[in-house]
Amino acid sequence: MQNWRTNAHRLILPGAALALAGYGIFFASPYDTRILTIAGVYALLVLGYQFIFGHAGALSLAQGTFFGLGAFVTGILATRFGLEFHATFPLSILIPAALAALVATAVLRLESHYLALATLALSQSVLLLAINWESVTGGANGLPGIPGVSILGWNLPRGTPLLVFVWIWVAIGAVLAHRIVAGAYGLAFRTVRLAPMAAAAAIGIDASALRLAAFVLSAAYAGAAGALYAHTLTVISPEVLGFGIMIVCLTMTVIGGRWSIPGAICAALLLTHLPEWFRGLQEYYLAANGVVLLLAVIFAPAGFLVFLQRRPDSAPRPPGVSNAAIPQMLPPKTELTVAALSKSFGGLRALDGANLTLAPGTITGLIGPNGSGKTTLVNLLTGLEQPDGGNARLGTIQLTGQPSFRIARAGIARTFQTPDLPAGVTVRDTVAAAIEPAHIGLWQDMLATNPTASLRQRRTRADTILQDFGLAGLDDQLCDALPHGRRRMLEVARAAAGNPAFLILDEPTAGFTQAETTSFGEKLQQLAASGCGILLIDHDPDFVAGISSTLVCLDGGTVIASGAPADVLQQPAVRRAYFGAFHESAA
Ligand code: ADP
Ligand code: MG
């Protein structure tokens, strides 16, 4: 089943590309040549938009603006200053990218529709500026007479040479995009998109840095596309900044697939030709166009090339690479201290001045009835919630007020009471994403001899970790297909993958069999013996008491007892709060 798809994927696309290239170069009429050139321009625009819309999952509506800006930079510099392509093209890329970086801080922290609105406002402002700044932009009349591409005095002829030139840039853009998303960097994007909480608090991925990079990259690609568009059209007006181009770009991206590079190119080719093919329909053209779009969105929401592609996650098993441990950067004996931590939700005091110290290399059990504030404590510790008072420190490092990913990078990894796993990602890659997240970077993959090498090494390490946690053999399964107990174990394996100094586990054994719980307890003791401090929340007091060196009991947001497990379990307050509630709920 998988095989013919793989082969089809390998043969159909290159074959079609070759046929189209032959047609475009040798047989196309001047009119067709122009349409194919414009298709290339759009392909570049869409490849860029995939970074922000696809990989970062943010609905930016500024892509058309970056495109128009690139076109105007080239238009203005070429017509008014006589600059050539080798000067105008880099500037057409840099200026939109700089604008993106400039507005990113304000815009990218916004969620979904607010982000869309903010980017829409940005595009309207730039459009108004272009219309009104007549002396520079030509105002509503636009800029005529943009010369063709000329480099160091050599003029590239229009027609077929320009067509080839534009598609060379599409190829460069596609190769770069592939390098950026095919390795560990791309996996980080997927992890943030599909399991954002875990990406930050369990792994330590800096989601805002990824978003910024995606936004700047999308603007750079759009600027390049705009520059080539200006050379192709020879005249530009503020229309290039209008919303029409944004809509076309969005449609192409949805139809081609938000993550597929061949999909982006095919969609650009298809949608630039669609108006030509449907021209006979005259006034019904728009309706026909709409029907095609609707069909595409209904039947192939991930893009129409999914029918040809192999699954993105069924990569071949990587060859062996050494499994060196990650060095622990904290000084020895660093403690995790919680002092007077408080949090209210409305009138409810979920946590009320909790004090707690976790020592490295020991297991601390945290028990308490439902709603006593255990998860709240963990959320405060890992930066998912901000406390109303008190603080948490790791040695001398202040944790309170830091974003989740920094707390994770400081050496505190966690699991979630409700597992946060990236659906559609394999078990192996779920763990691979958690290995050395601080070393995953755009440049590393883009400039590497082999961009997937970074991912392959991590996958090999992930296999060892999975084996270690009794998950061997499940590596190729998608993590959302696992039974509940395995999902929790996978979360623990992922949290342990970064060799954290402290591991915080929120009811990890829920859904485990008795045998699984027992071997899990042994695993935790091993981890502790190797130096990892563990905070274990569990609903089974005997299990926790059996493996912890300290037991802490919360009730109503207050620590009511803490000390040696046997002593804590004997205290009347604990028996009342915990066992009372426990037996009631069990009855
Ligand atoms: P536990 O993990 O010990 O079962 P929690 O920390 O989840 O308890 O919850 C403590 C109390 O705070 C509960 O009464 C819960 O309903 C409340 N709570 C937790 N999170 C929120 C929230 N985000 N908004 C409102 N109330 C919350
Ligand atoms: Mg809880």
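Thr 375 is partly exposed because its relative accessibility is 25%, where partly exposed lies between buried (under 20% relative accessible area) and exposed (over 50%), using a 1.4 Å probe and protein chains only. Gln 417 is partly exposed too, at 32%. This is a predicted model: local features need pLDDT of at least 70, side-chain atom pairs count only at pLDDT 80 or more, and totals for chains, interfaces and linings use all residues. Residues are numbered from 1 along each chain as written, chains are lettered from A and ligands numbered from 1 in written order, and side-chain values use heavy atoms, without hydrogens or water.

**Magnesium site**
- Thr 375 (OG1) and Gln 417 (OE1) coordinate the magnesium ion (ligand 2) at 2.0 to 2.1 Å; donors are N, O and S atoms within 2.8 Å of the metal (3.2 Å for Na, K and Ca), and because water is not among the atoms, sites may look incomplete.
- The pair links distant parts of the chain, 42 residues apart: Thr 375 sits in helix H14 (residues 374-381), Gln 417 in the loop between strand S8 (412-414) and helix H16 (427-432).
- Helices (H or I, at least four residues) and strands (E, at least two) are DSSP runs, numbered from the N terminus.

**Helix H20**
- The 16 residues of H20 (residues 514-529) should span 22 Å at 1.5 Å a residue, and the end C-alpha atoms agree at 23 Å apart; the expected span is 1.5 Å times one less than the number of residues.
- Buried residues of H20 include Phe 520, Leu 524 and Leu 527.
- The exposed residues Ala 515 and Ala 529 lie on the face of H20 turned away from its buried side.
- Just after H20, Gly 531 has a positive phi of about 115°.
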